[in-house]
Amino acid sequence: MTVRVYRALVLLLLPTGFNDAFAEELVSVYADLDRAARARSGRAGAWRALIGEIPGLVRIAFRERRTHRTLRARRVAPRLEENMFDSLAQDATFAIRSLRRSIGFTIVAVGTLALGIGANTAIFSVVNSVLLSPLKLHDPDRLVAVGEDSKAATTPSVKSTSPASFFDWKTSSRTMDLGAYDPGYSRTLIGMGEPQQLVGTLVVGGLMDILGVRPLIGRNLTPADEDPGAPPVFVLSFDAWQRVFGEDRDVVGKAFTVNGVSRTIVGVMPPGFTFPAAPNDLWFPAQLDAAVRVNRDQYFLGVVGRLRPGAGIERARGEMSAVMDRLTRDWPKFNQGNRIVVEPLRDTIVGSVQSRLYVLMGAVAFVLLITCANIGNLLVARAAARRREIAVRRALGAGTGRIARQLITESVILAVIGGVAGVAIGKSFLKLLLAGQVTTNLPRVEEISLDSRVLVFTLGVSLVVGLLFGCMPAWHLTRERFTDGLREGARGSARQQWTRNALVVVEVALAMILLTGAGLLLRSFALMARVDTGVKPDQVATLSILRRKPDPNFVPTLLERLRGIPGVQSVAITSMLPISGRGIGAWFNRIDRPLPDNVQPSGEGYRVVTPEYFTTVGIPLKTGRMFDANDRREVPAIIVNEALVKKYYPNENPLGKPVYLGAPDNRLFDSAPIVGVVGDTRDAGLGSDPLPTVYIPFAVMRSWPFYSVVIRHSGSSAPIIASARGVVRDIDATVPIMNVQTLADVVSNATAAARWSTTLLGVFAGVALMTAVLGVFGLLSYMVTQGARELGIRIALGASSGGVQRLVLSRGLGLVGAGLALGLAGALILTRFMQSLLYGVTPTDPATFVGVSAVLVLAAAAASFIPARRATRIDPITALRVE
Amino acid sequence: MTDRSLSTQVFQILLSLADQDLHGYAIIQDVAERTDGEVRLTASTLYAAVKRLLDQGLIDEVSSRARDDDPRRRYYHLTPAGRKTARDEALRLERLAAMARAKRLLPSPR
C-alpha cells in the first residue's frame, strides 16, 4: 500500500524528465526501505517512512522543474505527455504573470472579494460558534430542556416549574435523568479583600452529573450536598477562580462568607463551563427544606434532562405527557391545562437568535454573490479585451480545454488571494462586532471565535467563488470559433454582451432583495423606536442595591438622604426596573369572583415599589390614586396597569375590587383592594404587547432583598449618581452597588438586538446597492465605448443628442427594470423568513417595496446618466476611425 | 562548486562511494551505519542528490555488475572529479577543525 502511494506521488509530482530516468529505481529503493521499516516497527513505521519521504519529493518537484524549464526554453518540440503538476504549475505561473500585468483589475477584484469574503467570514464565525458548534458539555446531543407550558400556547416554550413538580418528574421518568437549576443569584463573597459581587446558580437534583461536567480541581457538587443538614459548599467557575482567587489551587477546601453564610469551596469547574449562561461565577447546592420541596406554585426551576441510553426525545415526550396526565389527576388545581415540554437543550439556548443570525448570514452571502457577479462581469469584459490574445494562442495549438483551465486558474488564484485577505478583514470585522457589543444579547457570545472550521469555510467559499466567476469567460470560449476572435479583435461578441447583461440583472435583483430586507427591518425599527414605552426615561438615573441584612430603617433613610441631593426631584425603589423584563410573577386571584376548583389561575408579573415610583419613572395614573404612606402591611392596597384591567375587568370598574396574589395557602398578602390604575409599560420588550402587571407597596413586602433605586433629577446624571453612591456608602459601606445606568440606557438595551441586526443589514444592503449601481455604470460605460462606432454612425446620420442619450439610458433602465422585477419576486419569497424579526410591518409591506424600488431606480438612473452623456459627445469622425 | 560547502547528505553519499561502487539502497544503509543512524537518507533525498551529482559529473553509473543482481539496480561510482570534490570538502572540514583547535574550542591531539 505505502509503496503504491509512493509510486503515485512520484508519478504525479515529479517532472517527466526526472521520472524517465529515475522513477523505477527510486520506487524500488523505496520498496527496500519500506520493507526494512516494516520489519523494524510494523505498519506505523512504514507510514512514518512514507511521510518522511514527502519533503524530499517536494524538493525534487520544485528544483527539477526549475532546471527543466530553462531546458525547455531551448527545446524545439514540446513534450506531449506532461503530468498534472507540470501543467498546473505552468497555469499558475502564467495566471500570476497575467494578473500582475493588469494590476489595477487585480487590485479591484481582490479588494472587493476580500470585503465580501471578510464579511462572510465574520458573520459565519458568529453563526458557527453560536448555532453550529455543539454545546461544550459532555455528549450534548442527549441533553434536553424540560419545562411546563400552557396547553393553549401555540408555540410551546420551555418554562420553569415548581420544586414539587420537578421532583415528581424526576422520580417518574424512566427515559431521562433530570436535574434543575435557578440562575442569577447575586452573592457577596467576603474573605478576599473587598467584598466580591458574584453571580451564582442554584443546583438541584445532582445537575452537575447530568450535565457531565468534570471539575478541574477538587470535587463536583453531589446530591448529598443538597441535604438541608449538609455543610454548605460551592464550586467556582474557572473565570472566577482566575479573577478572584488568582488561580490559587489551595482555595479548594477553604471556607468563605457568602451572603452571610460560611461556605466551603469544594471544586473549580473547567474553563468555558458557564451553564446555564455566562457570566456565572459559582454554583451552590439548593438545600431546599421540606416546605419548599412540596411547593407547587412557585415556578423558578429550569429543568435539564439527559436521555438515558436507548431513549429518544420522542419517548421522553410520550412519557412526560403520561406523567402530566397523572399529575393533573392528583393536583388539578396546579396542573390543569398545562403540559410538559421537552426540547433539545441547544434549541432552547440559541433558538431565539436563530432566525436573526440566519437572515444576516443570508445577507452577507448575497453581498458575496453580488460581488461575484460584478467580478464575473469584469472578467467577461477582460476576456473580451483578450480575445485576440486567446485567439492567437488557440491558433498556435492551445486546446480549448487548456485555455479554459487557464482562465479558471486565474480566477481561482484571484479568489484565493481574496480569501486570504478576507480572513484578515473578517478577523478585524469580527473584532469590531464584538467590541461594538453588537453581540451582547447573543447566547454563547463568550464562545465566538474564528476557528479552523471558519477557515475551512472561508477557503471553500473562495474556491467556489473563483470557480463560479471563472467559468463564465471560460464558458464563452468553448462556444466560439477562434477565427471570430481574430477578426473582431477586442470587441465583445454578442454572446458576451448577453452574459454581461444577465449578470447585471442578477446583481440588481440581489441588491433589490437585500434592500427590501433592510428596508423592512428599518421600518420595524423606526416603528419600535416610536412605540410608547410607557415611561419617561429622560433624566432618570438608576442603580441596583443588594441589602444583605434586614434593616427596616435602611430604605427610609436611603430615600430621605437621596432626596436631599441637590437636583434630585423624586426618588423611589422598585423590585425591578421597567422595560427590563416581566420579573417575578404570582397567581392573580379575584376574591370577588373565585375560579372553579379545577381551573388554575394564571400568574401575573408584579413589581414592589415605593409611593413615588410612578411619578419618578413617568408612569401616568389613569384612575384612582397613587400609593401613599398609609399603604402598609396591615392595610395593603395594590395598583394595576391597564393591560391587567383589560384582561380581568373588561367592562368593569376595577377600583375597590379585592384580590390576592399567590396560592390560597401561600399568599403574598391576604387581601388588598385595587386603589389605582396606571398606564402600561413595555416590560417584555418594545416589540411585545404590554403585560398585565400588579404593583405592590414596598411597605407591604418589606423583606425584599434586591432592588433598584430610580432617581428623577435635573441637570446631568453623573454628579447625581456620584452623590447617590456616596449616600449609600455612607449609610452602609458593605452594600454593593451595581448596574449604574440611566433609564434611557435601559430602554435602549431593550432595542439593542433589533438595532444591531438593522444596522448590519443596512450596511450590507448599502454595499449591495453600491456594487449593483457600479455594475450598471460599468456595463453602460463599456457599452458606450464598445458601441462608439455604432453610436457614431447614428450621430453622423443625424440622430439628435437627446435621442442617443435616450438610447443609452433606456438600455440601462431596461436592465434595471428586469433586475427589479426579478428582485421583487425574490423578495416576496424570501422576506417571509424575516417574519419573526419584524414589528408592525408585514413581510410584504407595500410601502417598503415601493420605497426600495424607487431608491434603486434613482440610483441606477444616476449611474446610467454619466455614460449616456458621454455617448452624446462621441465625435463620429474619430469613432469611425477607431480600428 | 568548489567554493561552496557540500550538504551533509551529499558529502556522506560521496564518502560511501569513496571505496566501493554501490547501488541506491546500499548507499542509504552505508550512510546510516557509518553515522550510527544520525544521517538517514530517504529515497527521495537520495535520488535528488544522485541526479545532481550525475549532472555535475561527480558520480557516474557503472556498466558492469554482478550477474545475479536485480536488473533494476544501478550501481554508482565516484568519478575523479567527485573524488576531488569530496577530498576538498574533507580538507575544508579539517581546516575548520584546526581553526577550532587553535581557538581551543577542541582539545589538540597529542
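Let me start with A:L522, which sits in helix α16 of chain A, residues 494-530, where helices (H or I, at least four residues) and strands (E, at least two) are DSSP runs numbered from the N terminus. Everything I say rests on a predicted model, in which local features need pLDDT of at least 70 and side-chain atom pairs count only at pLDDT 80 or more, while totals for chains, interfaces and linings use all residues. Residues are numbered from 1 along each chain as its sequence is written, and chains are lettered from A and ligands numbered from 1 in the order in which they are written.

Is A:L522 buried or exposed? A:L522 counts as buried because it has 20 C-beta neighbours inside 10 Å; by the definition used here, a residue is buried if 20 or more other C-beta atoms lie within 10 Å of its own, exposed if 12 or fewer, and partly exposed in between, with C-beta atoms placed from the backbone. Not counting residues up to four places away in sequence, A:L522 touches A:T758 and A:G762, contact being defined as C-beta atoms, placed from the backbone, within 7 Å. A:L522 and A:A754 are 232 residues apart in sequence, yet their C-alpha atoms are 9.3 Å apart in space.

That brings me to chain A as a whole. Chain A has 26 helices and 22 strands, and buried residues make up 41% of its 883 residues. Of the contacts in chain A with a separation of 6 or more, 83% are between residues 24 or more positions apart.

Now to the nonpolar cores, each a set of buried Ala, Val, Leu, Ile, Met, Phe, Trp, Tyr and Cys residues joined through C-beta atoms within 7 Å. The largest has 165 residues, and among those with the most contacts inside it are A:V508, A:A511, A:F764 and A:A768. Helix α22 of chain A, residues 752-786, gives the most to this core, with 19 residues. Leaving aside neighbours within four places in sequence, A:A768 is in contact with residues including A:F366, A:I370, A:A511 and A:L514. A second, separate core of 54 residues includes A:A180, A:V204, A:M208 and A:V213.

Which strands does β1 of chain A pair with, if pairing requires that DSSP finds at least two bridges? β1(A) pairs with strand β9 of chain A, residues 302-307, in the antiparallel sense over four bridges, and A:A145 stands opposite A:V304 in β9(A). Seven bridges join β1(A) to strand β10 of chain A, residues 338-344, again antiparallel, and there A:V144 has A:P344 as its bridge partner. Six of the eight residues of β1(A), residues 143-150, are buried, so this strand is largely enclosed by the rest of the structure.

In chain B, three strands form an open antiparallel sheet in the order β1-β3-β2. The strands β1 (22-23) and β2 (59-61) of chain B stand at the edges with a single partner strand each, so one side of each is left without a neighbour in the sheet. Two bridges join β1(B) to β3(B), residues 75-78, and B:H23 has B:Y75 as its bridge partner.

Finally, the contact between the chains takes 13 residues from chain B and 17 residues from chain A. On the side of chain B that touches chain A, α2 (24-34) and α3 (43-55) of chain B are the elements that give two or more residues, and α3(B) gives the most, with seven residues.

Key:
Contact = placed C-beta atoms within 7 Å. Pairing = 2+ DSSP bridges.
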